[in-house]
Amino acid sequence: MNVRTESVSLVNGAPLKAYSVVVGSFSVQSNANALSATLAGRGYTPRVVRAIVNGADWYRVIATSYDTKAEAAQSRAALQSQYKDAWLLYQK
């Protein structure tokens, strides 16, 4: 399973664990906040983090975060029915 490694900073939400499931990436923070609010309404504990990619800010919306890759992969599989492009992030 592919895992992307990025150095990110927390914008809002609970602290990240080692492996996280990203369900959205936005260049506009308010769009990320809107998806985060939707996830919170569905019972998730979402987080928004900022990554700088090629000099540009990207706001990643994280639905779930785990200590192990196996747990994150299982969560990603469950989330892919709704978020087909969900991917795993390993926090540097």
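This is a predicted model: local features need pLDDT of at least 70, side-chain atom pairs count only at pLDDT 80 or more; totals for chains, interfaces and linings use all residues.
Mentor: Start with a term. Contact means heavy atoms within 4.5 Å.

Trainee: Which strands does α1 lie across?

Mentor: β2, β3, β4 and β5. Its direction runs at about 15° to that of β5. The other helix, α2, also packs on the sheet and touches β1, β3, β5 and β6 (87-91). α2 makes about 40° with β3 in direction.

Trainee: What is the strand order in the sheet?

Mentor: β1-β6-β3-β5-β4-β2. The sheet is open, with six strands and mixed pairing. From one strand to the next, the twist averages 45°.

Trainee: What makes β1 (3-6) and β2 (8-12) edge strands?

Mentor: Each has a single partner strand, so one side of each has no neighbour in the sheet.

Trainee: How do you know that β2 and β4 pair?

Mentor: Pairing takes at least two bridges. β2 and β4 (residues 47-53) share four, in the antiparallel sense. Here S9 stands opposite R50 of β4.

Trainee: How many bridges join β4 to β5?

Mentor: Seven, and the two strands run antiparallel. I52 has D57 of β5 as its bridge partner. β3 and β5 are likewise antiparallel, over seven bridges. There S25 is partnered by R60 of β5.

Trainee: What is the phi of N54 in the hairpin of β4 and β5?

Mentor: Positive, near 50°. That hairpin has two residues between its strands.

Trainee: Why is E6 with R60 called a salt bridge?

Mentor: The limit is 4 Å between the side-chain nitrogen and the carboxyl oxygen. Their N to O distance is 2.5 Å, so the pair qualifies. It links distant parts of the chain, since E6 is in β1 and R60 in β5, 54 residues apart.

Trainee: Why do E6 and R60 count as buried?

Mentor: Buried means under 20% relative accessible area. E6 has 10%, so it counts. R60 has 5%, so it counts too.

Trainee: How do you know that D57 forms a salt bridge with R50?

Mentor: Their closest N and O atoms are 3.0 Å apart, and the limit is 4 Å. D57 stands at 32% relative accessibility and R50 at 29%.

Trainee: How many salt bridges does the structure hold?

Mentor: Three. One of them is K84 with D85, whose closest N and O atoms are 3.6 Å apart. K84 and D85 are both exposed.

Trainee: What puts the buried residues of α2 on the same side?

Mentor: The residues are A72, A73, S75, R76 and L79. They cover an arc of only 165° around the axis, so they share one side of α2. What covers them includes β3, β5 and β6. On the other side, A70, Q74, A77 and A78 are exposed.

Trainee: Which residues touch the most other members of the largest nonpolar core?

Mentor: V21, V23, L35, L39, V61, L79 and Y83, out of 16 residues. β3 (19-26), α1 (29-41), β5 (56-66) and α2 (69-79) each supply at least two residues of this core. A second, separate core has seven residues, among them V22, V49, W87 and L89.

Trainee: Which residues does L39 contact beyond its neighbours within four places in sequence?

Mentor: V23, Y44, P46, V61, A63 and Y83.

Methods:
Residues are numbered from 1 along each chain as its sequence is written. Side-chain values use heavy atoms; hydrogens and water are left out. A nonpolar core is a set of buried Ala, Val, Leu, Ile, Met, Phe, Trp, Tyr and Cys residues joined through side-chain atoms within 4.5 Å. Buried means under 20% relative accessible area, exposed over 50%, partly exposed in between (1.4 Å probe, protein chains only). Axes are lines fitted to C-alpha atoms, for helices over the stretch in contact, and angles run from 0 to 180 degrees between N-to-C directions. The arc is that of the directions from the helix axis to the C-beta atoms.
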